[in-house]
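Below is what I looked up, in the order I got to it.

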Amino acid sequence: MPDADLQPTRSFQGLILTLQRFWAARGCVILQPYDMEVGAGTFHPATTLRALGPKPWKAAYVQPSRRPKDGRYGENPNRLQHYYQFQVILKPNPPDLQELYLASLRAIGVDLALHDIRFVEDDWESPTLGAWGLGWECWCDGMEVSQFTYFQQVAGVECAPVAGELTYGLERLAMYVQGVENVYDLNFNGGEGADAVTYGDVFLQAEQEYSRHNFEAADTAMLFRQFRDAEAACRAYLAAGEPGPDAADARHRMAQPAYDQCIKASHVFNLLDARGVISVTERQSYILRVRDLAKACGAAWMRTEAGGAAPGSGQDPAGAPAP
Amino acid sequence: MPDLLLELFSEEIPARMQRRAAEDLRKLVTDALVERGFLYDGARAFATPRRLALHVAGLPPRGRDVREERKGPRVGAPEGALQGFLKSAGLASLDEARIVSDPKKGEFYVAVAERPGRDTIDVLAEILPAVIRSFPWPKSMRWGAASREPGSLRWVRPLHAILASFGPETETPEVVPFEVDGIRAGLTTYGHRFMAPQAIEVRRFADYLPALERARVVLDADRRRDIILHDARDLAFARGLELVEDEGLLEEVAGLVEWPVTLMGGFEERFLDIPPEVIRATIRANQKCFVLRAPDRDGRERLANAFILVSNLVASDGGAAIVAGNERVVRARLSDAAFFWETDKRTRLEDRVERLGAIVFHEKLGTQFARVARLAALARGLAPLVGADPDLAERAARLAKADLVTEMVGEFPELQGLMGRYYAEQQGEDPAVSAAVEEHYKPLGPGDRVPTGPVSVAVALADKLDTLVGFWAIGETPTGSKDPYALRRAALGVIRLILSSALRLPLLPQIAAAAGAHPASGTAFSGDVLGFFADRLKVFLRDQGARHDLIDAVFALPGQDDLLMVVRRVEALGRFLDTEDGRNLLAGSRRAANILRIEEKKDGRAYAAAPDAGLFALPEEEALAGALASARDEAARAVAREDFEGAMRALSALRAPVDAFFDRVTVNADDPALRANRLALLNALRAATREVADFSRIGGEGR
């Protein structure tokens, strides 16, 4: 395949590859998508958990994001129940993170002398993750193409140091740089004529099928059960990961498997929400239940090595007693 | 006289915070200067998305010298006193003190301390970092490697550079020497992020403004607003259109650009079939663009298929790409809206009602479908009381929530009600029904319009009463500052609806009717709900300037559930107490109440029996008894007629006999029978005044 096909202005995959190369060159580990259904790249443990604790961390990855409610049976040119986010997390955030971001736009073919880039206030808050940060929506000619956030708190834990998070909406950016009005018309592989594979070729049928599933067929009784199961499993794994009263090493031993169950509960909740079986008033209590799980997982993570806890201790590095 | 120039250069400051932040900066710095005795000629602050700037003109180069004299002991005073003086004045020996003679006191020591005024620049070097560290941002953050440590600098977004210069115009100003969390103040700033990002050296305010303008930054927010407004009007005028002006949006976009470039974009005419509120909501909220009005056609105002956007860039192609990009986004948004509008119109509202069964209103209060059934019954019952057609009221209530399951409201929840009205109009509902579908949510806040159309009023009352009673029935009542279901707002809404339309609507039967729709809820809480209304009414009337104690005095009477009558009575009572008769009667009845309270407590019994005419010993007793009987009677009749002024007038006839009674009659007579009878007479006075209000709840001096 000629290199020209992989120009970010020619192919969707070229856009992804360009962003990966760009951030790899700036010291990020390039990870692969997390192998669970999540609503946003932030849920990937490489962001949620790694944003916690004192250890430096730089990572970038594509994450398929599932928003069951946003399904439109493939009929809406801009809206998908499954789409890709490109996620960058840098802890601590470098002082020139805005410049790095703008350079990444240049790298994917956005001419900054021609386009109006704006940083518009967008305080990010994820009630389900017990997380918040300050930052912006990044606009290109009036279109939101990225989110830019300085994490202040994640899973109920203050970020020290603060991580900078960039989330690129890949389909939107690709539509922009390819000059395409309908997401399904995006050139996926950069091929021409009969060799061209479009986004629609890859995903249109899936959008139709999953829209049916999300709105009409998803088994709500099963989902309610799964929510309860995931919630119970998360708590059980957190308890099982406790080292026991006599252990020499008081660190937690199973924060990540527990967190998987938190992710699962969150996605199941999103599906139930799409099915319209959760009322506005009940929503809040479900969100709080997921948040409680996220907080418990965050607290456990702070007591692991990657969370910064020293061997033999159950203490987080700030010296606060283990919760 | 020297000037201070300060600039705090950061990443993008939220538009809504800029103006306040500039003002805070000016105030904090100048207050700190004045507090230390440094006066100035003038101060002005500025904000752009990336900087706060402050210019303080006409500061002194240094503070005034301060000379302090401290009087000490006499010459020849005891050694202890002398040592104490030296120590407290900070002198090494008496040689450093002066000796002053006074003809009366003789000679004594005086310590003179002279403190030279400090250089202003040194004082600024203390003030500025303190102001920066404690700046009152509504929301602030930590960032970068420094955020590893607790107590690191907080700012609204990362702070990158500080420019701080001080000095006279004629000489080269100096840098104010300070540092905040590793950021050292200097003389450097930066221009426009994209058009002139280079560092610029600035030494004084006179150079600062032009340097920024050359670097494509308009420092003054008001000038940016003027430029945008002027250019937008011009662009609209050139196309024969009119700008739909929008203060809030203008302020916001002026805070989103350092160099405003106003451009016009368009969208396909076919989108104008969408309701204008939807177009405006879409373009304003999502795109922060202005919409335009086209010339009237058949006298109907309509939007134009164009919009104004404000960019931050003089683009190399004259803005063509920027306009094209914005048009794409607007088109996509309007396509969504048009799709929703067309899809929604295909299903009649009544056919949507069943789908409300899938939406749980509250887990203990059932679905929206069940709620609509309750609203329909309530609205029908309320209709005759508010002058509405029962069929129309029931119809409106049945359709009121149907737009919740439309696509448009799913997308723009803030359009609930309004979209219902559009869809109701589209399917040819009675205009009163269509209006009620929109208006039944109103009034939402204290400033919101109160509907007065009878059908709207019936459904709006039903909506709020069902909410209030429902949450009361399941024990979800507001506590302290927590009111998650906005029940206070609902009660205030009922109050405003009743008062605006001057409705006679006793609430207890309505509360009972609403409670009846909640099976097994009982009505034990009716009194509590009524008390809740009373509290809300108190707050409402107090905000309108009515006296709190008068409201209490009226609510203390039994069975006050007719809010309109309560308000009328409070008003009449207020006017009565402003008269001489009213004040005197209040004083008399208070005196009577005090005596009764004391004596009843002493005797451990109440004097509730009617006074015995056979035991009257003095003409004043007889006169008062007679006046009481007729006043009470007359007041009761007036109250029954709802003539509260008349009731007050009837009571005012009591003033003279009450005064005479207290002048001439000794209540605590030696003869126990006389005493008991006089106390009974006082009780009759208390009872008479209770025809209009519980006077014991009225505070102050009757004022």
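Before anything else, a note on domains: their bounds come from an automatic or database domain assignment. For chain A, that assignment gives domain 1 (3–214) and domain 2 (218–301).

**Ground rules.** I'm working with a predicted model, where local features need pLDDT of at least 70, side-chain atom pairs count only at pLDDT 80 or more, and totals for chains, interfaces and linings use all residues. Residues are numbered from 1 along each chain as its sequence is written, while chains are lettered from A and ligands numbered from 1 in the order in which they are written.

**Confidence.** I checked pLDDT, the predictor's confidence in each residue, from 0 to 100. Chain A has a mean pLDDT of 92, with 95% of its residues at 70 or more. Helices and strands here are DSSP runs (H or I, at least four residues, for helices; E, at least two, for strands), numbered from the N terminus. Within chain A, confidence is highest in strand β1 (residues 29–31), at 98, and lowest in α8(A), at a mean of 90. I also flagged residues 316–323 of chain A, where the pLDDT is below 50; beyond near neighbours in sequence, this stretch has 15 contacts in the model. A contact means that the C-beta atoms of two residues, placed from the backbone, lie within 7 Å. For chain B the mean pLDDT is 91, and 98% of its residues reach 70 or more. For the complex, the predictor gives an ipTM of 0.93 and a pTM of 0.77.

**Inside chain A.** I went back to the two domains. Their C-alpha centres are 25 Å apart. In domain 1 of chain A, 21 residues are in contact with 21 residues of domain 2 of chain A. The domain 1 side of that contact has twelve nonpolar, six polar and three charged residues. The classes work like this: Ala, Val, Leu, Ile, Met, Phe, Trp, Tyr, Cys and Pro count as nonpolar, Asp, Glu, Lys and Arg as charged, and the others, Gly among them, as polar.

**Where A meets B.** How many residues of chain A are in contact with chain B? I got 35, and they touch 37 residues of chain B. On the chain A side, β4 (117–121), β6 (131–140), β7 (143–154) and α8 (280–301) each supply at least two residues. The largest share, four residues, comes from β4(A). By class, that side of chain A has 18 nonpolar, ten polar and seven charged residues.

Most residues other than glycine have a negative phi, and most peptide bonds are trans. I found a cis bond from A:K91 to A:P92, with omega near -10°. A:P92 sits in the loop between β3 (82–91) and α3 (97–107) of chain A. Another cis bond joins A:A160 and A:P161, with omega about 5°; A:P161 is in the loop between β8 (157–158) and β9 (164–169) of chain A.

Next I looked at phi. A:A155 is not a glycine, yet has a positive phi of about 50°, and it lies in the loop between β7 and β8 of chain A. Is A:A155 buried or exposed? It is buried, with 26 other C-beta atoms within 10 Å. My cut-offs, with C-beta atoms placed from the backbone: buried is 20 or more other C-beta atoms within 10 Å of a residue's own, exposed is 12 or fewer, and partly exposed is in between. In chain B, B:E642 has phi near 65° and is found in the loop between α22 (619–640) and α23 (644–652). B:E642 counts as partly exposed, with 14 C-beta neighbours inside 10 Å.

**An enclosed helix in chain B.** Seven of the nine residues of α13 (residues 418–426) of chain B are buried, so this helix is largely enclosed by the rest of the structure. Among the buried ones I noted B:L418, B:M419 and B:Y422. Their cover includes α7 (276–287), α8 (320–345) and α14 (431–439) of chain B. Just after α13(B), B:G428 takes a positive phi of about 75°.

For chain B, the assignment gives five stretches of bounds to keep, including domain 4 (372–545) and domain 5 (573–697). The C-alpha centres of domain 4 and domain 5 of chain B lie 43 Å apart.
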